Amino acid sequence: LAALLLCGGAPALRVPKGASLAELVLPDGFVARVELALSAESQAKGLMFRGELPRNGGMLFVFGGLEDRSFWMKNTFIDLDMVFLDGDLKVIRVFHRVPRSTPEQPESEVARVSAPAACVLELPAGSARAHRVKPGSKLKISFPSPSTK
């Protein structure tokens with residue numbers, strides 16, 4: 001399935017086989033250590049049901065080519081910055097401080113965001129501004145070797 005996600009008409013980010021983490025260098029040099037969401041199952045779950053996210057943590061959703069992507073914050077209990085990226089990790093759009101949901105919140109009131117993307121990066125709220133992530137910025141990525149996980 002991961003191989004299928006990485007194929008498509010537009011260039012897609014290449015992820016080494018077996019990778020589950022990546023290190024992203026943000027525009028100011030800050031390094032975020034992020035989990036990879038590569039499968040449909042991991043992308044559907046995302047950061048749901050978590051109560052916290054480390055300051056240097058996050059999740060990178062890797063899709064195939066550049067398409068409209070929609071995210072819904074149902075059962076996501078952390079305020080997030082959501083960064084929509086192309087396949088070269090160039091920032092297309094940033095949604096700042098997307099509000100968390102609460103267990104009793106009506107579904108119609110849960111935050112939703114949409115934009116074109118090949119990848120979407122979720123960071124703790126406030127991180128994008130703090131580290132100068134904005135449209136046109138380009139992020140750098142590396143994949144730690146299994147021994148450094």
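Two strands count as paired if DSSP finds at least two bridges between them. S1 and S2 meet that condition, pairing in the antiparallel sense over five bridges. The model is predicted. The briefing covers an open sheet of seven strands, two nonpolar cores, a cluster of phenylalanine rings, and four salt bridges.

**Sheet**

- The strand order in the open sheet is S5-S4-S6-S3-S2-S1-S7, and the pairing is mixed.
- S5 and strand S7 (140-142) are the edge strands, each of which pairs on one side only.
- From one strand to the next, the twist averages 40°.
- Within the antiparallel pair of S1 and S2, Glu23 stands opposite Arg33 in S2.

**Nonpolar cores**

- In soluble globular proteins, nonpolar side chains tend to be buried together.
- The largest nonpolar core here contains 24 residues, and Leu60, Val83, Leu85 and Leu121 have the most contacts inside it.
- Strand S1 (21-25), S2, S3, S4, S5 and S6 are the elements that give two or more residues to this core.
- Another core, of 20 residues, lies apart from the largest one; Leu80, Phe84, Ala115 and Ala117 are among its members.
- Leaving aside neighbours within four places in sequence, Leu85 is in contact with Leu60, Leu66, Lys90, Val91, Ile92, Ala117, Ala118, Cys119, Leu121 and Leu139.
- Two of these partners, Leu60 and Leu121, are listed with Leu85 among the residues with the most contacts inside the largest core.
- Ala117, also a contact of Leu85, belongs to the core of 20 residues.

**Aromatic rings**

- The structure holds six aromatic pairs.
- The ring centres of Phe61 and Phe71 are 5.0 Å apart and the planes stand at 85°, so this pair is edge-to-face.
- Phe63 and Phe71 also form an edge-to-face pair, at 6.4 Å centre to centre with 75° between the planes.
- Phe61 and Phe71 are buried, and Phe63 is buried as well.
- Ring pairs join Phe61, Phe63, Phe71, Phe84 and Phe95 into a cluster.

**Salt bridges**

- Side chains of opposite charge can pair when their charged atoms come close.
- The structure holds four salt bridges, including those between Arg50 and Glu35, Arg69 and Glu67, and Asp79 and Arg100.
- Arg50 and Glu35 meet at 2.6 Å, N to O.
- This pair links distant parts of the chain, with Arg50 in the loop between helix H2 (40-45) and strand S3 (59-72) and Glu35 in strand S2 (residues 31-37), 15 residues apart.
- Arg50 is partly exposed, at a relative accessible area of 27%, and Glu35 is partly exposed at 28%.
- Asp79 and Arg100 meet at 3.1 Å, N to O.
- Asp79 lies in the loop between S3 and strand S4 (80-85) and Arg100 in the loop between strand S5 (91-98) and strand S6 (112-124), so the bridge ties together parts 21 residues apart in sequence.
- Asp79 counts as partly exposed at 27% relative accessibility, as does Arg100 at 42%.
- For Arg69 and Glu67, the closest N and O atoms are 3.9 Å apart.
- Arg69 counts as buried because its relative accessibility is 12% and the limit for buried is under 20%.

**Loop residues**

- Phe49 has a positive phi of about 70° although it is not a glycine.
- Phe49 is found in the loop between H2 and S3 and counts as exposed, at 52% relative accessibility.
- Leu89 likewise is not a glycine and has a positive phi, of about 65°.
- Leu89 is found in the loop between S4 and S5 and counts as buried, at 2% relative accessibility.
- Lys134 is found in the loop between helix H3 (127-130) and S7, and is exposed with a relative accessible area of 52%.
- Not counting residues up to four places away in sequence, Lys134 touches Val91 and Val94.
- Lys134 and Arg93 are 41 residues apart in sequence and 7.1 Å apart in space, C-alpha to C-alpha.

Methods: Residues are numbered from 1 along each chain as its sequence is written. This is a predicted model: local features need pLDDT of at least 70, side-chain atom pairs count only at pLDDT 80 or more; totals for chains, interfaces and linings use all residues. Side-chain values use heavy atoms; hydrogens and water are left out. A salt bridge is a side-chain nitrogen of Lys or Arg within 4 Å of a carboxyl oxygen of Asp or Glu. Helices (H or I, at least four residues) and strands (E, at least two) are DSSP runs, numbered from the N terminus. Buried means under 20% relative accessible area, exposed over 50%, partly exposed in between (1.4 Å probe, protein chains only). A nonpolar core is a set of buried Ala, Val, Leu, Ile, Met, Phe, Trp, Tyr and Cys residues joined through side-chain atoms within 4.5 Å. Contact means heavy atoms within 4.5 Å. Axes are lines fitted to C-alpha atoms, for helices over the stretch in contact, and angles run from 0 to 180 degrees between N-to-C directions. Rings of Phe, Tyr and Trp (its six-membered ring) pair if their centres lie within 6.5 Å; planes under 30 degrees apart count as stacked, over 60 as edge-to-face and the rest as tilted.
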